[in-house]
Amino acid sequence: MRRVRTLREQEGRAGLALISPTLVITIVVVVLPLLWAIMLAFQDVRLINIRRAGLFGRYTLENFSYVLAEPGFWSALVNTLVYTVAGTALSIAIGLVAALALRDKFRGRTLVRASILVPYVAPVVAVAFLWETMLNPQYGIVNTWLSQPIAFLSQAKGTFLGIEVPVALLTVIAFEAWRYFPFAFLFILARLQALPAELDEAAVVDGATPTQRFRYVIMPQLWRIIALLSVLRFVFTFTKFDDVYLLTGGGAGTEVVSVRVYNFLTARDDIGASAAQAIVLAVVLVVFLVVYLRFFGGGERAEQG
Amino acid sequence: MPSRDRVERGALRVLRPLVIAVLFLVTAFPFVYMVMLSVRDIQELILDPGSLWPSAFTLDTYVDVLTRQGFLTFLRNSLVVSAVSVAATLLISIPGAYAVARLRFFGRRQVHFLFLAVYLFPAIVLAIPLFVLFTMLGLRGSLVGLILVYIAQTVPVTVYMLRNYFETVPQSVEEAAAIDGCTRLSTIWRVVLPLSKPALMATGLYAFMIAWNEFLFALLFLVERRESWTVSLGLSQLAGSIEIPTTVLMAGSVVLTLPIVIIFFASERLLTEGLTAGAEKG
């Protein structure tokens with residue numbers, strides 16, 4: 001005798017059926033390739049011998065020892081860290097300032113708000129080319145404003161007020177801040193506008209000055225969104241490829257790990273070493289995230305207690 | 001002596017407009033400069049790099065970039081890739097989002113984790129196996145492979161965006177439809193979707209922007225076949241050449257940027273609300 005399925009069972013089947021296209025494409029195009037990338041990192045593969053490297057090929061740690069022994073990798077990792085931390089911090093700080101400045105209505109706010117969003121929305125290739133042109137030492141408009149032209153994107157080191165500074169790396173960081181502060185701005189502004197006005201008003205009545213209200217009333221309510229933004233921007237920037245590749249190609253002391261991964265994959269045709277570096281990059285990212293969440297999660301609990 | 005409050009208020013009254021002006025200048029100026037460069041001859045730029053307003057206005061740069069440099073073909077490729085990605089993303093994520101919003105099924109909680117992982121997952125790690133795979137399959141140079149990658153990267157986010165919206169559709173409306181004899185699929189089609197038009201718009205536009213702006217995978221898969229280049233890839237490849245004047249390439253940048261900016265502002269409300277909906281829960 002056929003058992004009649006309960007409504008609950010029917011619902012479960014319908015749910016799985018409806019979600020399955022989503023699952024199939026993410027598993028086939030994301031999850032399985034990821035597993036394969038891990039396998040490739042432990043094999044000696046190049047595009048020429050790829051067909052011989054099967055599932056049960058020879059596994060080795062050579063890629064990792066080779067990659068980690070190269071000094072270029074460590075300097076790229078340091079660059080990645082500097083680029084990520086500075087880019088994240090700057091974009092969030094500017095985003096916060098922008099959100100505070102645009103919180104209250106003024107004439108032309110819609111226009112300014114729209115203008116702020118454009119760097120984030122515009123295609124990365126277009127804005128990178130735009131920066132390259134504006135900063136060009138021969139005909140870039142920025143250099144016509146300076147007494148001495150600066151090769152912002154091709155000069156590794158320069159002196160500023162007597163201090164040696166990494167010119168190209170700072171330029172790339174500035175680009176990152178410029179392009180992604182609108183992201184932080186959007187989130188922080190949304191949060192600011194959802195804050196209950198009563199607290200702020202009560203603080204005014206109590207005689208709190210603007211900086212005191214910012215410090216003791218507004219900031220405590222923004223910490224969570226800022227913490228979330230820090231994680232998001234850190235994760236995205238740490239493995240970012242487009243921006244640095246398009247601006248400098250990884251030259252002039254701006255090589256980040258993702259650009260190295262790309263160069264090993266295409267120019268050097270060393271898939272194994274390329275995959276090994278990508279895995280190391282991902283592992284370092286996860287370690288940072290775990291440490292951060294520990295630290296931050298602990299802080300939150302302490303606040304509640 | 002003025003009180004601290006008065007001093008701070010006074011300072012803010014000066015600082016705030018200043019900050020707003022700087023922000024406006026820093027974000028708007030580069031794009032004004034982009035348009036201004038695109039409508040002049042290269043000679044003018046080299047002779048007088050500091051001038052903002054062109055002395056002789058020309059649109060030849062646009063004619064050059066669209067025809068001689070092949071941007072018309074790139075535009076067609078980008079449009080095909082983006083349109084197909086949008087259609088497929090919607091087709092896949094609508095049932096997926098409905099299931100996550102409404103139905104209790106095995107693994108529903110784990111699905112969220114998977115989506116978050118895909119959203120945060122670094123593209124550069126994914127690039128390696130996909131590059132190898134597409135080389136083996138001979139899919140490099142074809143737009144199909146690229147579209148597949150774009151769908152996989154967008155679907156987790158669009159499922160999330162749509163789910164948030166579907167949850168606001170009152171369940172009683174759906175129950176009424178069920179009583180009137182609608183099956184689950186026809187309920188989605190006739191009741192849920194018409195009520196979710198703004199969310200569908202926002203989702204489609206998000207998918208379009210991802211596909212239109214993407215660079216890394218286009219570079220990896222298409223670089224050897226010029227007739228398959230997208231606009232982003234085309235501009236990045238031609239930007240390195242000495243023969244093509246910078247002003248012509250600026251015209252190319254405008255061609256690449258303008259559609260996205262128009263689309264974004266035509267639908268900005270929908271998009272930003274969809275993307276930051278989670279933030280307000282704080």
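1. How much of residues 222–239 of chain A is helix, and how far apart are the end C-alpha atoms? Over this stretch the chain is 94% helix and 0% strand, with the end C-alpha atoms 26 Å apart. Helices (H or I, at least four residues) and strands (E, at least two) are taken as DSSP runs, numbered from the N terminus.

2. The model is predicted: local features need pLDDT of at least 70 and side-chain atom pairs count only at pLDDT 80 or more, whereas totals for chains, interfaces and linings use all residues. Residues are numbered from 1 along each chain as its sequence is written, while chains are lettered from A and ligands numbered from 1 in the order in which they are written.

3. An unreviewed UniProt entry annotates "transmembrane region" at residues 21–42, 81–102, 114–131, 167–189, 222–239 and 271–293 of chain A. UniProt positions follow the numbering used here, feature names are shortened, and annotations may be inferred rather than shown by experiment. In the model, residues 81–102 of chain A are 95% helix and 0% strand, and their end C-alpha atoms lie 31 Å apart.

4. The annotation "domain: ABC transmembrane type-1", also from an unreviewed UniProt entry, covers residues 77–292 of chain A. That span is 74% helix and 3% strand, and its end C-alpha atoms are 18 Å apart.

5. Between the chains, 67 residues of chain A are in contact with 81 residues of chain B (C-beta atoms, placed from the backbone, within 7 Å). Helix H1 (residues 7–41) of chain A provides the largest share of the chain A side, 18 residues. By class, this side has 50 nonpolar, 13 polar and four charged residues; Ala, Val, Leu, Ile, Met, Phe, Trp, Tyr, Cys and Pro count as nonpolar, Asp, Glu, Lys and Arg as charged, and the others, Gly among them, as polar.

6. Chain B is assigned domain 1 (4–38) and domain 2 (70–281), with bounds from an automatic or database domain assignment. The C-alpha centres of these two domains of chain B lie 34 Å apart. Their contact takes four residues from domain 1 of chain B and five residues from domain 2 of chain B. The domain 1 side has three nonpolar, one polar and no charged residues.

7. Helix H4 (residues 71–102) and helix H7 (residues 143–166) of chain B pack at an angle of about 40°, their axes 6 Å apart. Axes are lines fitted to C-alpha atoms, for helices over the stretch in contact, and angles run from 0 to 180 degrees between N-to-C directions. H4(B) and H7(B) are therefore oblique to each other (under 35 degrees counts as roughly parallel, over 145 as roughly antiparallel, 65 to 115 as roughly perpendicular and the rest as oblique). By class, the contact of H4(B) with H7(B) has 19 nonpolar, seven polar and two charged residues.

Key
Two residues are in contact if their C-beta atoms, placed from the backbone, lie within 7 Å.
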